Amino acid sequence: MLRNDTLTARNLALTPELHTYLLDQGRMTPDPVLAELIEHTHKAIPDQAHMTVAPEEGALLTFLVRLLGARDIVEVGTFTGYSSLCLARGLPPGGSLITCDISAEWTALARDFWARAGVADRIELRLGSALETLRALPAEPHLDLAFIDADKPGYIGYWEELVPRLRPGALLLVDNTLFNGEVIDDDPAPKPAAVRAFNEHARQDDRVQLVMLPLADGLTMARRLPPGESPV
């Protein structure tokens with residue numbers, strides 16, 4: 001493994017001013033609907049509002065859906081619907097998103113904003129155990145994109161249900177894989193410890209080509225390999 005002092009470049013630290021510049025120049029500043037959803041989330045659920053994906057991550061989700069031409073998407077972890085809205089906006093006519101959550105309260109806010117954004121007809125919310133929802137999906141490869149952003153101890157289980165259901169070339173995205181930097185603590189708390197265990201599990205999976213990006217709280221992107229293609 002290369003040490004930091006052997007690397008020729010590392011990521012630039014984002015000041016608040018530079019972050020604003022990045023959002024503006026990348027056309028990633030939340031539009032009025034997304035901005036209002038963020039505001040309502042902070043008012044309704046202040047203690048959990050940090051669980052909303054970052055604006056640049058939401059913009060990337062829409063970008064990737066369009067880039068892939070994705071039609072069949074699954075999301076694990078809906079919260080108040082920001083990422084779902086971003087995913088659904090990228091879908092072509094006839095495309096669909098299944099999103100899983102356990103909270104009727106939080107997702108009620110999501111439903112309202114999906115309707116206001118004009119994407120409610122593309123989204124199917126399934127309340128209950130996400131693992132059971134995933135196991136009920138067709139077993140054959142049919143998904144174009146999946147996004148995991150839910151309970152951290154559940155990540156490995158969700159991964160194992162989703163990877164076999166991805167078409168060759170499809171993407172599996174996993175949020176919070178740096179967990180505020182705590183994944184490298186000597187004695188991490190249970191949540192970052194679960195994320196670290198997941199990261200190692202994913203790193204060793206030769207069914208995918210994997211990269212981890214220092215975007216927001218860490219984003220892992222895994223591409224399902226076609227038969228015979230090496231992950232390296």
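This is a predicted model: local features need pLDDT of at least 70, side-chain atom pairs count only at pLDDT 80 or more; totals for chains, interfaces and linings use all residues.
Figure 1. Residues are numbered from 1 along each chain as its sequence is written, and side-chain values use heavy atoms, with hydrogens and water left out. Helices (H or I, at least four residues) and strands (E, at least two) are DSSP runs, numbered from the N terminus. The radius of gyration of the protein chain is 17 Å, which agrees with the value near 17 Å for a compact globule of 232 residues; that radius is taken over C-alpha atoms, and the globule rule is 2.2 Å times the number of residues to the power 0.38. Along the principal axes, the C-alpha atoms fill a box of roughly 50 × 45 × 35 Å. Of the 232 residues, 44% are buried (under 20% relative accessible area; exposed is over 50%, partly exposed in between, with a 1.4 Å probe and protein chains only). Take the contacts (heavy atoms within 4.5 Å) with a separation of 6 or more: 69% of them link residues 24 or more positions apart.

**Figure 2. Zooming in on E4 and E5, we get a parallel pair with five bridges.** Alanine 146 sits opposite leucine 172 in E5, and phenylalanine 147 faces leucine 173 in E5. E5 is mostly covered, with seven of its ten residues buried.

**Figure 3. The largest nonpolar core gathers 29 residues.** A nonpolar core here is a set of buried Ala, Val, Leu, Ile, Met, Phe, Trp, Tyr and Cys residues joined through side-chain atoms within 4.5 Å. Val65, Ile73, Leu87, Trp114, Leu145, Phe147 and Leu173 have the most contacts inside this core. Among the elements that supply at least two residues each are helix H3 (55-68), helix H5 (104-117), strand E4 (143-148) and strand E5 (166-175). H4 gives the most, with five residues. Skip its neighbours within four places in sequence, and valine 65 is in contact with Ala70, Ile73, Leu87, Gly90, Leu91 and Leu145. Another core lies apart from this one, with 24 residues that include Val76, Leu166, Val208 and Ala222.

**Figure 4. E6 and E7 form an antiparallel hairpin.** Six bridges join E6 (residues 208-213) to E7, and methionine 212 stands opposite threonine 220 in E7. Five residues lie between the strands, and alanine 216 takes a positive phi near 55 degrees in this hairpin. Alanine 216 is partly exposed, because its relative accessibility is 46%.

**Figure 5. Arginine 27 is a non-glycine residue with a positive phi of about 55 degrees.** For context, most residues other than glycine have a negative phi. Arginine 27 belongs to the loop between helix H1 (16-25) and H2. With 80% relative accessibility, arginine 27 counts as exposed.

Technical notes: Two strands pair if DSSP finds at least two bridges between them.
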